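This report covers chain contacts, a domain boundary and selected charged pairs. The sequence and structure come first.

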Amino acid sequence: MFPLSSTTDSTTEAPRDEIRDTEIARVIAALNGAVLDSLVKPNDDMWIRVSADSWVATGNTLKSLGYSYFCFLSAIDWMPSPFGKGEDDPTDPPKECDTAVKQGYAGGSTRFQVLARVMQPFSSLGINIKVDVDDAVMAIDSWSGVYAGANWHERETHEMFGIGFNGHPDLRNMYLPTDFEGHPLRKDFPLLARIVKPWPGIVDVEPLPGDDDEEEGEAS
Amino acid sequence: MSLLGDRQQLAYIASQAADARVNVELETEGMTLNIGPQHPATHGTLRIIARLDGEQVIWAEPSAGYMHRGYEKLTEVRTYPQVTALVNRIDWLGSFANEVPFILAAEKLMGVEAPSRAQHIRTILFELSRIANVSLFLGDLGVQLGAVTPVFFAFRDREYVLNLIEAATGGRFHPNFDRIGGLKEDLPAGFIDETRNVMKKLRTFCDQIEDLLFGNEIFQSRTRGIGVIPKDVALQYGMSGANLRASGVDWDLRRDQSLPMAWNKVDWKVITHPDGDSFARCWVRLQEVRESTRIVDQLLDTIPAGPVMAKVPKIIKVPEGEAWVSTENPLGEMGYYVVSQGDMGPFRVKIRSASFNNISIVPWLLKGVYVPDIITILASLYFILGDIDR
Amino acid sequence: MNAAVLSADLAYWAQSLLRVLGGLVAVLLPAGTIVYLFLFKMMSFMQSRLGPMEAGPYGSMQLFAEVGKWLQKEDIYPARADKFLFKIAPLIVLASTFLLVAVVPFGPDAWFTDFEAGVFYMLAVSSVSVLGILIAGWSSANKYSLLGGLRAAGQLIAYELPMVLAVVGVVIQAGTMNMQGIVVAQNAGSMFGWDGLGNPYVLTQFVGFVIFMIAVQAELTQTPFDMPIAESELVSGYMTEYSGFRFLIFFIGEFATAGVFSMIASVLFLGGWAVPFSWFGWTNLNDIDNWMNVAGPLILFTKMVVLSFIIMWVRFSFPRFREDQLQRFAWKVLIPVSLVNIMLTAIFKVAF
C-alpha cells in the first residue's frame with residue numbers, strides 16, 4: 001500500500017524496491033548510455049529519460065526486454081499557463097504569471113517532453129519514458145514501427161502539441177477538423193471558454209451549510 | 001478573444017464541408033460507405049469510413065472526434081474535486097469507475113490513504129459500475145446482431161443496479177462520490193441487504209442471457225471465428241480488459257497490482273478464453289459480470305466499521321510530483337497520469353482511456369471482413385464514445 | 001364474406017364491389033390483427049413491457065393512430081431519387097399481396113378465383129414482391145438502400161426454391177394443384193383408414209411444412225432472415241428513404257403478406273377453411289351446408305393467427321443470419337432436404 005509520508009520505513013519496503021531497482025538497472029544497462037536520467041519511486045513506479053536520437057532504439061530494447069504492452073504516448077508542456085486559470089475578473093488588471101519552465105521527474109531540458117508508458121504484462125511492472133523535444137526541431141522519431149498502437153497516440157499528440165513524428169505513416173488530425181489552426185494542449189493556447197465568457201464562479205458563492213469538510217474553499 | 005479569429009472559424013467550416021463531400025462520391029472501384037456518425041450500431045457518434053468491394057471491406061478507418069470535449073485541457077483549470085466531477089463523464093455507463101484512478105493518483109501524491117471502510121465501499125461501487133456497464137453491453141450485443149428481446153431484460157435488470165448506486169451516491173449515472181481521502185458519505189441504511197437481492201437478480205439475468213443469446217446457434221455462427229486478435233498484436237496495440245483476456249492473456253489489474261482497494265481481500269477468478277474472436281470477448285464479459293456479483297457479495301459480508309474519510313485539510317493542495325494509477329475499468333485499463341506542481345488543481349492530466357486503444361486496432365482488424373461482421377466486431381470490442389473521444 | 005356465387009340475384013357491379021371489399025378485408029384484416037396482436041402486444045410481453053396502452057382500451061386503437069400518423073406526414077423523397085420508380089416500388093410490393101390472396105379459398109363457395117393451377121399461380125406471383133424491393137433499393141439513391149436491395153434480391157430468389165419444392169410434396173399427395181381441391185383432399189381424406197382428423201398434410205408432410213415456414217420467414221424478410229432490413233446496420237435497408245404514406249404501404253404490405261402466407265400455409269398443410277368432413281358426415285364439396293361459407297373464413301382466420309404467431313415468435317427471438325450463411329442454408333440444406341422429401345412422398349404415394 002502507499003505509505004504515509006511520515007512513516008516511510010525503507011527496511012520493510014525493500015523487497016518491492018529491489019524489484020524495481022534491479023529492473024531499472026537492467027533497462028539502463030540494456031539501453032547502453034541512452035538514458036540521461038532515471039528515478040524509482042519505491043512501491044510506485046519507474047521513470048527514465050532518454051535522448052531523442054535513441055528514441056526508437058529505446059522502444060525496441062524495451063520490447064525485447066519484455067515490455068510488450070503499449071500503454072500510452074503523450075506529451076507534457078512544462079511551461080505554466082500565461083493565462084492562469086481564467087478565473088479572474090476580466091475587469092481586474094492581469095495578474096503576473098511566472099512562466100518559468102520547470103520539469104518534473106527524471107529532469108529535462110526543454111519545454112516539451114514526450115511521455116510514453118509501456119508495461120510488462122503479468123507482472124504489471126511499468127516504466128515511464130520521457131524524451132526531450134527540442135524547441136527548434138519539434139519532432140522526434142515515430143514509435144509506430146515499434147508498437148503498432150502508437151500510431152493513434154502520435155496522431156493525437158501531434159495535433160494537440162504540434163510535435164512531429166518522423167516516419168509516421170499518416171500523421172493527420174485525430175479529433176479536430178482537418179483545417180484546425182493551433183495546438184490546443186499547449187499552454188499558450190488559451191481555454192477559449194474562459195476567454196469568450198467570464199467564468200461564472202467569479203461571483204462569490206456561499207458554501208453549503210454544514211458541509212465544511214468537503215468545501216472546496218474556492219472563492220475568487 | 002481575438003485568438004479564434006474569423007479566419008479560423010471559416011477554416012473550421014470549410015473543413016467540415018470537405019469531409020462531408022467524401023460521403024457523396026461514388027467511386028468506381030468499390031463503394032465508400034460511411035457508417036455513422038449517426039447510426040444505430042455505433043454506441044455514439046463514431047464514424048467508420050469503409051471502402052467496400054461488394055459486401056467485403058477493403059479497408060476501414062474509424063474517424064473519431066465527433067464527441068471530443070477537450071478533457072485534458074479542461075483539467076488544467078480545475079481543482080481536484082472539480083476534476084472528479086468532470087471525469088465521471090468519460091465512460092458514462094460505469095461512471096464511478098472513472099473517478100477512482102484519478103482520486104487514487106491524487107492520494108498517492110498527497111501520501112494519504114483512505115480508511116479501509118472507504119476502500120471497501122469504493123470497491124463495491126466500482127464493481128457495481130462494472131455490472132451496470134457490462135449488462136448493458138450484453139443486451140446491446142443482441143440488438144447489434146438482430147435479437148431484439150434481450151436488450152429489454154438488460155435494461156430492466158440494470159435499473160436495479162442504478163437504483164443502488166443512486167441510493168448510495170445520489171446520482172444514477174454520474175455519482176461524483178469519491179473524494180481525496182475517502183468518500184463523500186457513508187452508505188445508507190438497508191443498502192447491504194438490497195444489494196444482496198440485486199446480485200441474485202443479476203445472476204438470474206446472466207443465466208437468461210446465456211440461454212437466450214449465447215446458446216443460440218445463429219449467434220454462435222455469427223461470432224465464432226470473427227475478428228480474431230492474436231495475443232501479441234493485442235498487446236502491441238494496448239488492448240486491455242476483457243478484449244485482452246479473450247485473446248488468452250491472463251492479466252487482470254485488480255489482481256496483479258497492489259492498490260488501496262479491497263480486491264485482494266476477497267476470493268475471485270480471472271477469466272480468460274484462448275480463441276480471441278468475437279465470441280470469446282462476449283463470453284468473457286458475461287462471466288466477468290458473474291464474478292463481479294460474487295465479489296460484491298463477499299465484500300458486503302466483510303465491510304469493516306470505521307470512518308469513510310481520512311483526515312485531509314479543508315483546502316487540498318497536492319504536493320509536487322507525478323503519479324500514474326490505472327485500474328481495471330469495465331471497458332479496459334483506464335489510467336491517469338497526474339502532474340502536480342503544488343497547486344489546488346493539477347498541472348497536466350493525461351487520461352489514458354481504454355476504448356481509444358481498443359478501437360485503434362480496427363483498421364488492422366477489419367480488412368477483408370463482410371459488412372455485417374463490422375457490426376459484430378465493433379459490438380464485441382465494446383467501446384463508449386466518451387471513452388474514445390474524451 | 002367473399003361470395004363468388006352467393007346468389008344469382010346480385011348485379012354484376014354489386015358482385016364486383018363485394019369482391020373488391022372482400023379483397024381489401026382479406027388483406028387488411030390479417031395485417032391489422034398481426035400488427036396489433038403480435039407486433040404490439042406479444043412482442044412487448046415477451047420483452048417484459050406492456051406495449052401501447054394509451055390509444056383505446058389496451059391500446060387497441062394504436063393501429064389507427066399509427067395509420068393516421070403516417071398519413072399526415074410530409075411526402076418527401078430524396079432529390080436524386082428516380083421519382084417514378086421510387087413511387088411505384090411500394091405499390092408493386094402491395095400488388096403482389098393482393099394477387100396472392102385472389103387464389104386463397106375461404107369457404108366452399110367463398111373464393112375469388114378457382115384456378116386449376118392455383119398453387120402454380122401462387123408460387124409465381126409471390127416473386128413479384130422481389131421486383132418491388134429491388135426497385136425500392138435502387139431508386140432511393142442511398143448506399144444503404146442499395147445494399148439492402150441487393151441483399152434482398154439474392155435472399156428472396158434463393159428462398160423461392162425451397163418454398164416451391166416443399167409445396168410439391170403437398171401437390172403430389174393431394175393429386176391436384178387446385179387450392180380448393182387440396183382443402184377437400186385433406187378434410188375428406190383419412191390417415192391409415194381413420195378419418196377422425198381428415199388427412200392434414202402437416203402430419204405427413206411435416207418436413208415440407210417446416211421448410212415452407214422457414215422459406216416464408218425468409219420471403220417476408222423477417223429475422224432471422226432480415227439481412228435486407230438489418231436494422232442495426234442498414235437502418236431499414238431498402239425502406240430507409242421512405243416515409244409517410246409510402247412507408248405505410250411497405251409496413252402494411254409486410255404484415256399483410258405475412259397474413260396471406262400464413263393463410264396459404266394453413267390451406268396447404270392445416271386443412272384450410274374446413275374441419276374434417278367426417279365430423280359432419282359430408283363426403284365431398286357439394287355436401288357442405290351453406291353456413292360453412294360464414295364459418296369457413298373464421299376457421300381459416302384462426303389457423304392463420306396460429307401460424308403467424310409462430311412466424312412472429314421466431315422473429316423476436318433469434319439474431320439474424322449473415323448473408324452468406326443465409327444463402328448457404330438455403331442452397332446446401334433446405335433444397336437437398338426438400339428434394340429428398342419429394343422423393344419419399346412420391347415413393348409412399350405409389351406404395352400406399
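How much area is buried between domain 1 of chain C and domain 2 of chain C, and what share of it do carbon and sulfur atoms give? The area is about 820 Å², and carbon and sulfur atoms give 89% of it. The model is predicted, and this value, like those below, is computed from it.

## Domains of chain C

The domain assignment divides chain C into domain 1, residues 41-71, and domain 2, residues 75-349. Taken over C-alpha atoms, the centres of domain 1 of chain C and domain 2 of chain C are 26 Å apart. Their contact involves 6 residues from domain 1 of chain C and 9 residues from domain 2 of chain C.

On the domain 1 side, C:Met42, C:Met46 and C:Trp70 lose the most area to domain 2 of chain C, and together they make up 63% of what that side buries. Between domain 1 of chain C and domain 2 of chain C there are 0 salt bridges and 0 residue pairs in polar contact, counting pairs with both residues at pLDDT 80 or more. Helix H1 (12-46) and helix H2 (62-71) of chain C each supply at least two residues of the side of domain 1 that touches domain 2. By class, that side of domain 1 of chain C consists of 6 nonpolar, no polar and no charged residues.

## Annotated segments of chain C

An unreviewed UniProt entry places the feature "transmembrane region" at residues 20-40, 84-106, 118-136, 156-177, 197-216, 247-274, 294-317 and 329-348 of chain C. Residues 118-136 of chain C are 89% helix and 0% strand, with the end C-alpha atoms 29 Å apart. For residues 294-317 of chain C the figures are 100% helix and 0% strand, and the end C-alpha atoms are separated by 36 Å.

## Interface of chain B and chain C

Chain B and chain C bury about 2,600 Å² between them, with 60% of that area on carbon and sulfur atoms. B:Phe152, B:Ile218 and B:Arg222 supply 20% of the area that chain B buries against chain C, more than any other three residues. The contact takes 37 residues from chain B and 25 residues from chain C.

Which residues form the 1 salt bridge found across this interface? B:Asp373 pairs with C:Arg322, and their closest N and O atoms are 3.1 Å apart. Several elements of chain B each supply at least two residues to the side that touches chain C: helix H1 (6-24), strand E1 (31-35), helix H5 (116-145), helix H6 (150-169), helix H8 (217-223) and helix H15 (371-381). E1(B) gives the most, with 5 residues. The side of chain B that touches chain C divides into 21 nonpolar, 11 polar and 5 charged residues.

## Salt bridges in the whole structure

Over all chains, a search of the whole structure finds 42 salt bridges. One pair within chain B is B:Lys350 and B:Glu72, whose side chains meet in a salt bridge at 3.9 Å, N to O. B:Lys350 lies in strand E8 (residues 348-352) and B:Glu72 in helix H2 (residues 71-75) of chain B, so this pair ties together parts that are 278 residues apart in sequence. Side chains of opposite charge can pair when their charged atoms come close.

Note on methods
Residues are numbered from 1 along each chain as its sequence is written. Chains are lettered from A and ligands numbered from 1 in the order in which they are written. This is a predicted model: local features need pLDDT of at least 70, side-chain atom pairs count only at pLDDT 80 or more; totals for chains, interfaces and linings use all residues. Side-chain values use heavy atoms; hydrogens and water are left out. Contact means heavy atoms within 4.5 Å. Buried area is the accessible area (1.4 Å probe) that two parts lose on being put together, summed over both. A salt bridge is a side-chain nitrogen of Lys or Arg within 4 Å of a carboxyl oxygen of Asp or Glu. Helices (H or I, at least four residues) and strands (E, at least two) are DSSP runs, numbered from the N terminus. Ala, Val, Leu, Ile, Met, Phe, Trp, Tyr, Cys and Pro count as nonpolar, Asp, Glu, Lys and Arg as charged, and the others, Gly among them, as polar. UniProt positions are given in the numbering used here, feature names are shortened, and annotations may be inferred rather than shown by experiment. Domain bounds come from an automatic or database domain assignment. A polar contact is a pair of N or O atoms within 3.5 Å; within protein, one must be able to donate a hydrogen and the other to accept it, and residues adjacent in sequence count only if both atoms are side-chain atoms.
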